[in-house]
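Here is a short report on one protein chain.

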Amino acid sequence: MESPAIRAIVVTPVKDAIENTLETIRAVHASKTTVKHIVYNDFSLAETKEVLEQQKRSFGYRLIHLEDLTSHPSPNYRRVLQDAQQQALKESLPLIIVESDVIVKPDTFERLLEFYKQHTNAGLIGAVTVDEKGTVNFPYLRFKDQPIESGSIETKKSLSFCCTLISLEFLQQYDFVHLNESKDWFDTFISYQATDMGFKNYLLYDVPVWHRPHGSRPWKQLKYTNPLKYYLLKFLKRRDKI
């Protein structure tokens, strides 16, 4: 019997927070949809690197240590996006980003891909994020009063990369080599770039994924617990540039 065809490239950038990361990996590999999963280790601690190497044998994901590709200090989201784009273009498949503080459901990828199949003009398609109780949470709080019956929402506002499909058509037209190397995060820029190029972005309100905000970057919790210290670190260490 032939193996099911791979339907998407799924990438997960990792910076320590190994317990959350392993939960994310388990969820990706419990998907009903056959995907190629690539984990990008962004200069994590040696202990994290060792666990990722060990778990690679169990789950079968491809593991890329960014230290082998660049000497640029973490975060290296730009480098991740550039490499992931090349992987997707090589396979002629859409790219799905699942960050390491997100837990997808077994049918999440299937539903993203089915929507993509029906909307060939799509640039980005995001799954709405919720907390453990199923309530819409950061970064989609501005959509929290949207009735779930609405299903999909076309939006000109930026989508997060928490769990987001980037269409092959957009990847073929915009080269991530042009991303501003002085920035750390690119979800806002890429969202607007897609709409500027005539694509439409959608948020799927009926495809929820569990999000533990900033679980992949614990220092960012300071934004809520100690905002003065957060903005001081952001300024002094030039962190979190959008």
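## Asn 137 and its surroundings

Asn 137 touches Thr 129, Val 130, Asp 131, His 211 and Pro 213, leaving aside residues up to four places away in sequence. Contact means heavy atoms within 4.5 Å. The side chain of Asn 137 also reaches the backbone oxygen of His 211 at 3.0 Å.

Asn 137 sits in the loop between strand E6 (122–130) and strand E7 (152–154). Asn 137 is buried, at a relative accessible area of 9%; buried means under 20% (1.4 Å probe, protein chains only).

## Basis of the model

This is a predicted model: local features need pLDDT of at least 70, side-chain atom pairs count only at pLDDT 80 or more, and totals for chains, interfaces and linings use all residues. Residues are numbered from 1 along each chain as its sequence is written, and side-chain values use heavy atoms, with hydrogens and water left out.

## Nonpolar cores

A nonpolar core is a set of buried Ala, Val, Leu, Ile, Met, Phe, Trp, Tyr and Cys residues joined through side-chain atoms within 4.5 Å. The largest has 36 residues. Leu 81, Ile 166, Phe 170, Phe 176 and Ile 190 have the most contacts inside it. Helix H3 (77–91) is among the elements that each supply at least two residues. H3 gives the largest share, 5 residues.

Another core, of 26 residues, lies apart; Phe 115, Ala 127, Leu 165 and Leu 204 are among its members.

## The whole chain

The protein chain has 8 helices and 9 strands. These are DSSP runs (helices H or I, at least four residues; strands E, at least two), numbered from the N terminus. Of its 242 residues, 50% count as buried.

How values were computed. Polar contact = N/O pair within 3.5 Å; in protein donor to acceptor, adjacent residues only side chain to side chain.
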